[in-house]
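User: Please take me through this model by question and answer, with the criteria behind each term given where the term comes up.

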Amino acid sequence: MQPPSDSVLDAATAIILEEVRAENSPPSSDFHAADNLDLSALDREIAALDTTLVAVQKRLHQRLAETRKLRNALAVISRLPTELMIKIFLNELEEVTVKQYYPRVKTLSQVCAAWHSIIQNTVNFWAHLHSDFSLKAVGQILHKSRNAPLTVECGLLLTSSAAREFVEMLVQSAKRIRSLVVSRDFAAWSEARRLVGPKLEQLDYRTTNISKPLPLGNRVGRLDGLRELTLESAYLPWASVSLKGLKTLKLIRILSQGPSMSQLWSAITGSPSLQNLVLNHVSVSPGPETETSTFTLPSLRQLHLIHLSQSTIQSILNTIRTPACLDVNVTCDSDPTAPNSLPVLLSLSQTIPHIPALLNGGYQLCINLNSRVFRCWTERERYDDAHEPKIEIDMQEISPYEAFAWLLNQLKPPRDRRSTLTLSPDFNISEPSFVYAVDHKLHFVTSLDLTTDLSVDPLVKQLGRQVTHSGIPSWPMPRLSVLNLGTAYFSGHALIETLRNRYRGKKGGKKGRGKGAKSPNKPVPLTSLIVVGHQSMDEEYQDEVEDILGPGVMDWDPDDEDYDEDYSIDDDIDYWDEPYYGDHLYSVWD
């Protein structure tokens, strides 16, 4: 846009000067004569010019505001009906957190006078309350919201008196609370149960009273409108509430007063659009026998059955089908009445028919085996990538060999997939089914970790023997690129022989070059070999390894100083979990 010409500005200024001089008698300009210099006259002229400048600026701002207002009135968006504008604004604010809600509302209202008027006079924009707000602001919001449904969040507030005052101000409006979130860090979470009202659509209530869960909603009726329910160490009167049409059902650490299996089944079958089902450390009483027919949850994306009894998990898995579930976590506690957890895995295959796709589609596959626990899980490339499949299975008191066989039947991972296999100290590497798996089924493993102090010579030697797979010569774990022997005991001679057989000529080492007949389907190069402690290694063996694999591949810590097999990166970032206490300055503006 071109700026106005000087003539236009001069003309505008002249007109405004006329108006100003008419209101403020300007001083005489006779002092301009060279023979009549008067300092006081100059001061009066300067003051008059300052006054004129202020008046000009004020007038220009007025004209600019009037022109913008006219321009906004002619814009297409200003011709939209007020009801449609309200829907657009509410949709824009839908994902905004309660604490950031009013700053965003204020920004919208400052766009133009019309938007400001809409927001100021619509009660739906004044229905969000947080425990961080001052009590004065809470009172103003309650007044401006009139009868609008309320969204209330009781967040971090460590002062009991302030928390109770906040709750007390809201008790009279409990019947119009639509969404209630109570954090375990809220000092008055026990008193906040008075805010559980009959019109709730979302209830997220968390307490720290694990040993004695908090009862909620004894007088709120059936809660027919409830769509999202999350309870931690708290419970509802399961027999009297409806729990139909849920989209989210999350029950966490309810060690007593949990629902019965029939009540849980009623909630699931009454919620065909259920998207998230999480049961974590929940006591589910058997109750009367439920129907045995299966029920499909086509929208379910998250299924977490964590630290439940085997019988409870199997009952749930036998009765639901989840054809689109992407996030699965099944952690089965030991059950004296059912010492073998393999049926749970078989039921899981029926519940989630695409479980092979889940196992094969994750960013990285991790498998951990010992004599009592079977664990496998996938790790996403990014923690916030919720659309990538994720699965975690943790079975206690299970035959790891049977569970491992089940897993291998599900796996056909892509060639670019990273897969880590960890064998715990008491895992029997000489078990026939595992020996067979090493030769013929673990072709996808890229990293092998041996966390044992026992001899691993049988496995080391096995990796150095060529096998025939479907009539084609091959090698065990042909994609293995990282071998972590840790503190395991092994024969240095056995390791050297395996490396010679498996990688001779790969790196062009002095002793490895050109020895023996070349065979097809050679394994990928080993990029990392980790050895901790003396074992039977010495400098001569270290030189041999370097000749075969090349320099920099072997990481040998003979003194066991830098190795900590219990180390986790989480040890270094625990402080990330500490809450950040920023400035909380909130007020209601007019």
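**Cavities, strands and helices**

Strand 8 (248–254) and helix 8 (261–269) each supply at least two residues of the lining of the second largest cavity. The model is a predicted one, in which local features need pLDDT of at least 70 and side-chain atom pairs count only at pLDDT 80 or more, while totals for chains, interfaces and linings use all residues. Residues are numbered from 1 along each chain as its sequence is written, and side-chain values use heavy atoms, with hydrogens and water left out.

User: Which element gives the most to the lining of the second largest cavity?

Analyst: A cavity here is a set of points, on a 1 Å grid over the protein atoms alone, where a 1.4 Å probe fits but cannot get out, and lining residues have an atom within 4 Å of a point. The second largest cavity is lined by Trp238, Leu243, Leu249, Leu251, Pro259, Gln263, Leu264 and Ala267. Helices (H or I, at least four residues) and strands (E, at least two) are DSSP runs, numbered from the N terminus. On that basis the most, 3 residues, comes from helix 8.

User: How do the residues lining the largest cavity divide by class?

Analyst: The lining consists of Val460, Leu463, Leu480, Leu483, Leu495, Thr498, Leu499, Arg502 and Tyr503, and its largest share, 5 residues, comes from helix 15. Ala, Val, Leu, Ile, Met, Phe, Trp, Tyr, Cys and Pro count as nonpolar, Asp, Glu, Lys and Arg as charged, and the others, Gly among them, as polar. The lining therefore divides, under these classes, into 7 nonpolar, 1 polar and 1 charged.

User: What is the handedness of the crossover from strand 1 to strand 2?

Analyst: Strand 1 (residues 128–130) and strand 2 run parallel and are joined by 3 bridges, where two strands pair if DSSP finds at least two bridges between them. Leucine 129 stands opposite valine 152 in strand 2. The chain crosses between these strands through helix 6 (residues 135–145), and a crossover is right-handed if, with the strands pointing away from the viewer, the path from the first strand over the helix to the second runs clockwise. By that criterion, this β-α-β crossover is right-handed.

User: Which residue of strand 3 stands opposite cysteine 154?

Analyst: Strand 2 (residues 150–154) has 4 of its 5 residues buried, buried meaning under 20% relative accessible area, exposed over 50% and partly exposed in between (1.4 Å probe, protein chains only). Strand 2 is joined by 5 bridges to strand 3 (residues 177–182), and these two strands run parallel. The residue opposite cysteine 154 is valine 182.

User: Which residue of strand 16 stands opposite arginine 375?

Analyst: Strand 15 (residues 373–379) is mostly covered, with 5 of its 7 residues buried. A hairpin through 3 residues joins strand 14 to strand 15, and these strands run antiparallel with 6 bridges between them. Another 5 bridges join strand 15 to strand 16 (residues 390–396), again antiparallel, and the residue opposite arginine 375 is aspartate 394.

User: Why is helix 9 described as largely enclosed by the rest of the structure?

Analyst: The buried residues of helix 9 (residues 310–319) are Gln310, Thr312, Ile313, Gln314, Ile316, Leu317 and Thr319. Helix 9 counts as largely enclosed because its buried residues number 7 of the 10.

User: What is the phi of histidine 281?

Analyst: Most residues other than glycine have a negative phi. Histidine 281 lies in strand 9 (residues 276–282) and is partly exposed, at 30% relative accessibility. Although histidine 281 is not a glycine, its phi is positive, at about 55°.

User: What is the relative accessible area of arginine 253?

Analyst: Arginine 253 has its place in strand 8, and its phi, near 50°, is a positive value in a residue other than glycine. Arginine 253 counts as partly exposed because its relative accessible area is 34%.

How values were computed
1 Å grid on protein atoms, 1.4 Å probe; cavity = no way out; pocket = protein on both sides within 12 Å on 5 of 7 lines; lining within 4 Å.
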